[in-house]
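Visitor: Please show me the model, and then let us go through a few points of it in turn.
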Amino acid sequence: MNDDFYRIRRLPPYVFAEVNAMKARARAEGEDIIDLGMGNPDGAPAPHIIEKLCEVARDPGAHGYSASKGIKGLRKAQAGYYQRRFGVDLDPDTEVVVTLGSKEGLANLAQAITAPGDVVLAPNPSYPIHTFGFIITGAAIRSIPAAPGPDFFKRLEYAMVYSVPKPSVLVIGYPSNPTAYVADLAFYREVVAFAKEHKLWVISDLAYAEIYFGEEPTPSILQVPGGKDVAIEFTSMSKTYSMAGWRMGFAVGNRTLIDALARVKSYLDYGAFTPIQAAAVAALNGPQDVVAENRALYKARRDVMVESFGRAGWDVPSPEASMFAWAPIPPALAHLGSVEFAKRLLSEAKVAVAPGAGFGSEGEGFVRLALVENEQRIRQAARGVKKFLSANGVNVPGGQKE
Ligand SMILES: Cc1ncc(COP(=O)(O)O)c(C=O)c1O
């Protein structure tokens, strides 16, 4: 019997698995571990969203299979969001698909549009589905920088010249996971022009659209005139409304890509549970103060983390957006590498983080800190970090006070 399965062969052991297993063991032994590892929001959706879920679930007619591409009211609500937030017009019938979380949409789009041997440009480091969605289909990944800086287009140009066959897809996602890099509209304009010139599809992951900390709201690539000619964009209810377990996201934009995704999905699923879709409509069309409150919550945690970790001897750059800080390993411990550093931090400081190497080779030297514990717990984590760093010979500024 052949057990060397083509797709499984393409999936290396999960880098986070070792640290996750250690965390589970420590907790089972009664340790209090502060978990800054996974980007799993700790909050709950607003009461009116939960109310709508319950109300519709009480309707005996709401329990059958739903529509694979999402109920019309929800596709309209998502089009409404794009109009009011980005000034982008979308046709709910041809330019919007509801997905079972954006991760499912990203994976199934990869399946829909790539063949074994295709070359896909994706950031390194990146959220794993940006690369593995395509690797599973047998495509080859060519890494591009995660930072939307001056190097980005140079490396893109280089990749186009030296890849055989020519890349067919470019994946981007800002605000980024894990780096928290942000992009502006001028960057997206260049991406769209580049994609048109080189006949590339663009997949934009906008999961952190509403978690930004500066004055300027996060832009969408679809704001660029002609953006829809080349780009599809994914958004998610998971972080914006703290609905991660509900599995609710969207793909919008280019009709050809939307059609391909909807076609694959029509073979694979019957759509999300109708009460969840109805509750998502309530979220998108209802009061948006919950979104602003969520943003303020992450911003306050970010400030506490940067300040308290800094005083503990670990300089964590302040992220401008997303729910993550992307922190270089303190120089004195950089030789450990991100996995070993994360393990030591867990056993000695009782703080779980995600090792950067899990997001790609360029993530080595960093760890990702998720803002998913409250301010008091973040300060507690900083105290653990301080003890850990001083015990390992790192100079803590200002002596012993934290
Ligand atoms: C960049 C990015 N895209 C997509 C997702 C997946 O979100 P969803 O819950 O909508 O599948 C995540 C989740 O952490 C993410 O960080």
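Guide: Buried means under 20% relative accessible area, exposed over 50%, and partly exposed in between, with a 1.4 Å probe and protein chains only. This is a predicted model, in which local features need pLDDT of at least 70, side-chain atom pairs count only at pLDDT 80 or more, and totals for chains, interfaces and linings use all residues. Residues are numbered from 1 along each chain as its sequence is written, and side-chain values use heavy atoms, leaving out hydrogens and water.

Visitor: Is asparagine 124 buried or exposed?
Guide: Asparagine 124 lies in strand E3, residues 119-124 (helices, H or I, of at least four residues and strands, E, of at least two are DSSP runs numbered from the N terminus). Its relative accessible area is 11%. Because that value is under 20%, asparagine 124 is buried.

Visitor: Which residue's side chain makes a polar contact of 3.3 Å with the side chain of asparagine 124?
Guide: A polar contact is a pair of N or O atoms within 3.5 Å; within protein, one must be able to donate a hydrogen and the other to accept it, and residues adjacent in sequence count only if both atoms are side-chain atoms. Leaving aside neighbours within four places in sequence, asparagine 124 is in contact (heavy atoms within 4.5 Å) with residues including Ser143, Ile144 and Phe359. The side-chain partner at 3.3 Å is serine 143.

Visitor: How many bridges pair E9 with E12?
Guide: Two strands pair if DSSP finds at least two bridges between them. Three strands form an open antiparallel sheet in the order E9-E12-E11, with E9 (324-328) and E11 (354-355) as the edge strands, each pairing on one side only. E11 and E12 (residues 366-370) pair over two bridges. In the pairing of E9 with E12, the number of bridges is five.

Visitor: Which residue in E12 stands opposite phenylalanine 324?
Guide: Four of the five residues of E12 are buried, so this strand is largely enclosed by the rest of the structure. Alanine 354 stands opposite arginine 368 in E12. Opposite phenylalanine 324 stands alanine 370.

Visitor: At roughly what angle do the axes of H4 and H10 cross?
Guide: Axes are lines fitted to C-alpha atoms, for helices over the stretch in contact, and angles run from 0 to 180 degrees between N-to-C directions. The axes of H4 (residues 102-113) and H10 (residues 255-268) come within 9 Å and cross at roughly 100°.
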